[in-house]
Amino acid sequence: MLENCQRHHMLLGLGALTMVTILVLFVESRYAADGPRRREPQFVIEDNSTCWRNEKYTMVQECHPCSEFDIVSRSLGVCIHTHYKEVLRCQSGEIVTRSCDRVALIEQMNFLKFEVSCFVIGLLSYLVSYARDRVLSRRNYMRIERQLNRVQ
């Protein structure tokens with residue numbers, strides 16, 4: 001079917017798909033920014049570590065993965081559910097560890113790996129189809145040349 005399309009029709013279709021993709025990304029990012037900021041965990045964190053809910057706090061350490069020891073030994077209750085923790089200092093001076101979602105950097109790296117692998121697979125598919133097209137064109141050219149040699 002694509003063989004029958006003219007070049008300007010293919011470029012027009014590609015441009016339309018690109019515009020729709022950009023529009024969807026724009027709308028999605030807009031609504032994601034307006035949505036709920038942060039999902040509150042629905043599990044009990046620790047009995048005496050809720051000062052961050054009532055007081056102002058500063059972040060001592062960003063969200064980072066718990067150590068394997070903390071997860072296996074269950075020494076830190078916050079590492080049991082999400083395997084990630086962040087350290088906060090409440091206004092009263094208390095230092096608290098709370099559970100948090102996955103680290104954004106890890107998510108970005110996983111997405112980047114996915115995008116690179118999709119690009120590599122797409123590039124390899126293009127190269128294989130291009131090589132196959134060249135082989136078939138060469139065979140067709142040779143067949144036509146043999147037919148013309150027989151006629152003469």
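What share of the contacts in the protein with a separation of 6 or more comes from residues 24 or more positions apart? The share is 49%, where a contact means heavy atoms within 4.5 Å. Before going further, please keep in mind that this is a predicted model, in which local features need pLDDT of at least 70, side-chain atom pairs count only at pLDDT 80 or more, and totals for chains, interfaces and linings use all residues. Residues are numbered from 1 along each chain as its sequence is written, and side-chain values use heavy atoms, with hydrogens and water left out.

Let's start with the overall layout. The protein has 4 helices and 3 strands, arranged along the sequence as α-α-β-α-β-β-α. Helices (H or I, at least four residues) and strands (E, at least two) are DSSP runs, numbered from the N terminus. Of the 152 residues, 13% are buried, that is, under 20% relative accessible area with a 1.4 Å probe, counting protein chains only.

Now look at strands S2 (residues 84-90) and S3 (residues 95-99). They run antiparallel and are joined by 5 bridges; two strands pair if DSSP finds at least two bridges between them. Val87, for instance, has Thr97 in S3 as its bridge partner. The hairpin of S2 and S3 has 4 residues between the strands, and Gly93 takes a positive phi near 100° there.

Finally, find Glu86 in S2. Glu86 is buried, with a relative accessible area of 2%. Its side chain makes a polar contact with the side chain of Arg98 at 2.5 Å. A polar contact is a pair of N or O atoms within 3.5 Å; within protein, one must be able to donate a hydrogen and the other to accept it, and residues adjacent in sequence count only if both atoms are side-chain atoms.

Definitions and conventions: Buried means under 20% relative accessible area, exposed over 50%, partly exposed in between (1.4 Å probe, protein chains only).
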